[in-house]
Amino acid sequence: MLAYTLTRLVYLALVLAVMSVLIFLVTQAMPGDVASMIAGQFASKEVVDAIAVKLGLDQPLIVQYGQWAAGILRGDLGRSLVLEQPIAPILMEALARSLVLAVVALAVVAVVGIGLGVLAAVRRGKLTDQLVSGVSYLGIAVPDFFWAIVLVLIFGSYMKLLPTGGYAPLSDGFLPWASHLVLPVVTLVLMLLARIARLTRSSMIDVLQTNYVKFARAKGMPESVVILRHALKNALLPTITVLAIDFGLILGGVVVIETIFSYPGMGRLLLFAIQRHDLPLIQATILVVSAAYCLANLTADLLYAYVNPKIRHGMKAA
Amino acid sequence: MMTAPQARPAVPPVTAAASAPEPAPLLDVRGLTISYGNARGTLRAASDVGFAIRPGEVMGLVGESGSGKSTIAMAILDLLGGGGRVESGEILFDGTDLRRLSAPERRALRGDRIAAVFQDPFTSLNPALTVGRQIAEPLIQHKGFSPRQAAARVQDLLSEVGIRDPRRVAAAYPHELSGGMQQRALIATALGCEPKLLILDEPTTALDVTVEARIIDLLAKLCDSHRLSALFVSHNLGIVNRICQTVTVLYGGLVVETGPTGRVLSRPAHPYSKGLVAALPRITAGRRHRLPSIPGTVAKLSGPPAACVFAPRCPFAEEACRSRPQAMLTDAAGDGVRCWKADALAGIPWPDEDAGIARDPKKAQPRSAPLVEVDHLRKIYGANRSILPWLRRAGTVAVEDVSFTVGRGEVVGVVGESGSGKSTIGRALLALTEPSAGTVLFDGADLTRRVRQGDQDLRRRAQLVFQNSAASLNPRKTVGDAMDRPLVLAGRADAEERRKTVAGLLTRVGLPSAYADRYPHELSGGERQRVNIARALATDPDFVVCDEAVSALDVSVQANILNLLAELRDEMGLSYLFITHDIAVVSHIADRVLVVYGGTICEEGPTGRVLRPPYHPYTEALLSAVPRLAEDGQETPRILLEDAAPTPGGQGCAFAARCPRKLGAVCDEQAPPVHRTDDGHRIACHIPLATLAERAAVFPELAGDAPH
Ligand code: SF4
Ligand code: SF4
């Protein structure tokens, strides 16, 4: 397991290094000149050039990249041009908010989605199954933002039960904080739930037909043990992978959701940076999102290996 | 009409004297009718099935696939599933009708009083739980053991089923164990709660022959020492002969014969039983005659039969058989047979197939250059040269230095168990895998190089028929389309001409040409295998690799396909590499046999020579594991091998870890020398040839035959 984790970490570092180069190149290629933006519309050419020199923009690309990458390795993400502040604290704050949203949404999706999937598989072909499957189709067919709008209309504007957007820090008290989370979380859950439920259902159905499940029944195990201990543990393997990918997706800031609910997470930060052409902020945000995505995948793989002894031992032997 | 003349045939105990009171049966199945229903209609899997198992008795339930034997076993366990339904009948266990119990009551019996072991140990254990935990489960569930008590009992159980380091095995996950060990773990699970009845559903079918021999031995001992009763479901009469006291033969969901094993197998009364016994491949030296086979496929009933179910396949059928269903007739001894002609047919064997075109093996011996030459072939899988040091891997040796030839028109058998490298050898000969070292010459040309250069002609001339006839055909393509493809690839442009070729090929393998329009699922296993053979022949090859080509088939069908392959060889002058785990099958078709173990050839020679001493120790063990019927002569003592896995790629003899005659360190450290004789027989072993020759023949009846 250790060797495997090590290998994966080496790969992770490689992937991130490549990503950083790509991010750097692509953002540099974006239209607009950073120095003249900072200097303002009416600055003279000398002023602009001076700023460019100060920022190191006159250096060859490779040197600029080197300085940027070295800064990141030191934990210095640079300064935001627009906000005129160091990027790291801004980013961490947004990341923390997005993390809260992602973790809560993911937890709900995992529990409810897996539960529904198992239920549908066990009652395969019966009414419960058909209900779950039918609703799942609906969930997949309808675009993400539709739910967001519907929810905002019903709970926010119409019933005035919940805030329709914004964010309250935990220091304002638990209830205000939580109430701001409800709508975005529910929207995210609705988006992801169907896929998880359907996936769990189909792998559960496969597992329920295996010989070891038959053998567990032949041993006289109660149906609850057969399903939870013998079937579910094996059926969860594909679900775990997809959940991890979803986690990365949410973290990447499902921009639409954060925008609709004016939720100040990574997605909104990225949008802001792009609109204002804040190059260092764009680069740092995308890099952090990529890193989070990769980490989520790594966690999934490690979890997968942990649940699946075949892989776990294969790694020991390696 | 379906019921026996007496309500129940009175079956006197086999062992007890006639005067002793008959013990009440432990399991008494009466009038059991099971059907499977789906949208397309109902299928009767069992019709009015009755049998009884007395305490301490092991009863064999035999029949071809589709005969309903597994369905009956599952019905007793209340695990039918898949739309199966018990229509009527009683399943009396210890006097209680299981069908009258509630579902929880039946569940409480399962795993406690009635335990089961299924066919495939590789999939019967949960991959995500340790073996020990899985064995402990029923103890905790039924006997109220604490996990700690259960763990202690698990160790005892594992020792009892012959596992030497129970502590390690209990902590292991299933994939860390060999198939034999997994099956032992399942048997330990079944024994845990000290059941009275074991349901054994083909418990050794998925295992290697040498492992099977040990498991059967273990089961027989356990049943004896625990006075266990068992229902032993099997298609293998040889195995049934070893472990069962009585036999019930099923055909088309009906019991067609019951009686003591010895009597049924030596003097079968029902024509179907006669056919099953006759079709069993025996060890014979040379291919003198065709194997008897049962033509046609198993009957499928949807309701009560209107005629003798076996009539369409019965060589003794006459008009009277087709006009009414047959009743179970019981003789004085209590043996039953469902055939009105049984008495008249007593002593009349299943008819031999006409000798046909059996050729004289001597004349066919090729004198010209061999078709295939394999020289120092070596194959390593999974070698990895990574820059990351912890990922570097030496790889697994599948084939370690193998050399042999296949002559024109010659059939070379390759016998070995899983992990012997036999399939890899076959794939290398078809250029489906590249050798890591060594060469394969096909008709004098370097196969690997030529194929890499895009030589399609060599591919055309060498074809493959493999085991799983269902998986090798695309379910969405008709037989004709499947066979059309190789023809198109071979550059045959004219569609009309191709259609004719397909029809011709189907006729050639004994199928109606109209089968071209059928889909694979409409065919039986044997028919599908015929289609596979026809497809392999489509490109007019010289050489066919048959990889376990008959292993998945019922004995009756197996004989059929073997006969077909033999015919095709004689008519078309084909060469075969016939890969199998079953040395008895090989003895029917091969001119020469290679015995492989752990990627090396232990013994090679003309079939007749390999079947007689001197034997390589592994060949001797393989031969002694071949199940035999009483009429074949005295059973020689079986050589039971350890469960250890082969260790290919090591320094010494690959068989050293399991060899019962191992000499000592020399076997571990030095590759064994090869003893050769003039008639092309070679044995790789440290034991001198003269000493090997001193062993008694496993098949003394062969001794008289002159080696050819
Ligand atoms: S009743 Fe007739 S057809 Fe049926 S098994 Fe007997 S002889 Fe054959
Ligand atoms: S060389 Fe040694 S271990 Fe190998 S078969 Fe001969 S006696 Fe057995």
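## Terms and model

Helices (H or I, at least four residues) and strands (E, at least two) are DSSP runs, numbered from the N terminus. The model described here is predicted, so local features need pLDDT of at least 70 and side-chain atom pairs count only at pLDDT 80 or more, while totals for chains, interfaces and linings use all residues. Residues are numbered from 1 along each chain as its sequence is written, chains are lettered from A and ligands numbered from 1 in the order in which they are written, and side-chain values use heavy atoms, with hydrogens and water left out.

## Chain A overall

Chain A has 14 helices and 0 strands. Its C-alpha atoms fill a box of roughly 85 × 60 × 35 Å along the principal axes. Of its 318 residues, 43% count as buried (under 20% relative accessible area; exposed is over 50% and partly exposed lies in between, with a 1.4 Å probe and protein chains only). Contacts (heavy atoms within 4.5 Å) can also be sorted by separation along the sequence. Among those in chain A between residues at least 6 apart, 71% join residues at least 24 apart.

The domain assignment, whose bounds are automatic or from a database, gives chain A domain 1 (2–73) and domain 2 (89–317). The centres of these two domains, taken over C-alpha atoms, are 33 Å apart. Across the boundary, 20 residues of domain 1 of chain A are in contact with 16 residues of domain 2 of chain A.

## Annotated spans in chain A

An unreviewed UniProt entry places the feature "transmembrane region" at residues 9–27, 99–122, 134–154, 174–194, 235–261 and 281–307 of chain A. UniProt positions are given in the numbering used here, with shortened feature names, and annotations may be inferred rather than shown by experiment.

Residues 174–194 of chain A are 100% helix and 0% strand, with 30 Å between the end C-alpha atoms. Residues 281–307 of chain A are also 100% helix and 0% strand, and there the end C-alpha atoms lie 39 Å apart.

## Nonpolar cores

A nonpolar core is a set of buried Ala, Val, Leu, Ile, Met, Phe, Trp, Tyr and Cys residues joined through side-chain atoms within 4.5 Å. The largest has 108 residues, and B:Phe51, B:Ile72, B:Ile76, B:Leu231 and B:Phe232 have the most contacts inside it. This core draws at least three residues from each of domain 1 (27–113 + 193–345) and domain 2 (130–185) of chain B. Apart from it lies another core, of 69 residues, including B:Val209, B:Val544, B:Ala559 and B:Val626.

Leaving out residues up to four places away in sequence, B:Ile72 touches B:Leu32, B:Ile34, B:Ala46, B:Val49, B:Phe51, B:Leu61 and B:Leu250. B:Val86, in strand 4 of chain B, is buried because its relative accessibility is 16%. With the same exclusion, B:Val86 touches residues including B:Leu32, B:Ile34 and B:Arg99. The C-alpha atoms of B:Val86 and B:Ile72 are separated by 9.5 Å, at 14 residues apart along the chain.

Helix 15 (residues 422–429) of chain B has 6 of its 8 residues buried, so it is largely enclosed by the rest of the structure. The buried ones are B:Lys422, B:Thr424, B:Ile425, B:Gly426, B:Ala428 and B:Leu429.

B:Gly95 sits in the loop between strand 4 (84–93) and strand 5 (96–97) of chain B. B:Gly95 counts as exposed because its relative accessible area is 62%.

## Backbone exceptions

Most residues other than glycine have a negative phi, and most peptide bonds are trans. A:His277 has a positive phi of about 60 degrees. This residue lies in the loop between helix 12 (266–275) and helix 13 (279–307) of chain A, and at 15% relative accessibility A:His277 counts as buried. In strand 13 (residues 372–381) of chain B, B:His376 has a positive phi near 45 degrees; at 44% relative accessibility, B:His376 is partly exposed.

The peptide bond from B:Pro613 to B:Pro614 is cis, with omega near 0 degrees. B:Pro614 belongs to the loop between helix 23 (607–610) and helix 24 (617–625) of chain B.

## Ligand surroundings

A residue is near a ligand if one of its heavy atoms lies within 4 Å of it. Around ligand 1 are residues including B:His270, B:Cys308, B:Cys314, B:Cys321, B:Cys339 and B:Lys341. Its shell divides into 9 nonpolar, 2 polar and 1 charged residues. Here Ala, Val, Leu, Ile, Met, Phe, Trp, Tyr, Cys and Pro count as nonpolar, Asp, Glu, Lys and Arg as charged, and the others, Gly among them, as polar.

Ligand 2 has 13 residues around it, of which B:Cys653, B:Cys659, B:Cys667, B:Cys685 and B:His686 come nearest. The shell of ligand 2 holds 9 nonpolar, 2 polar and 2 charged residues.
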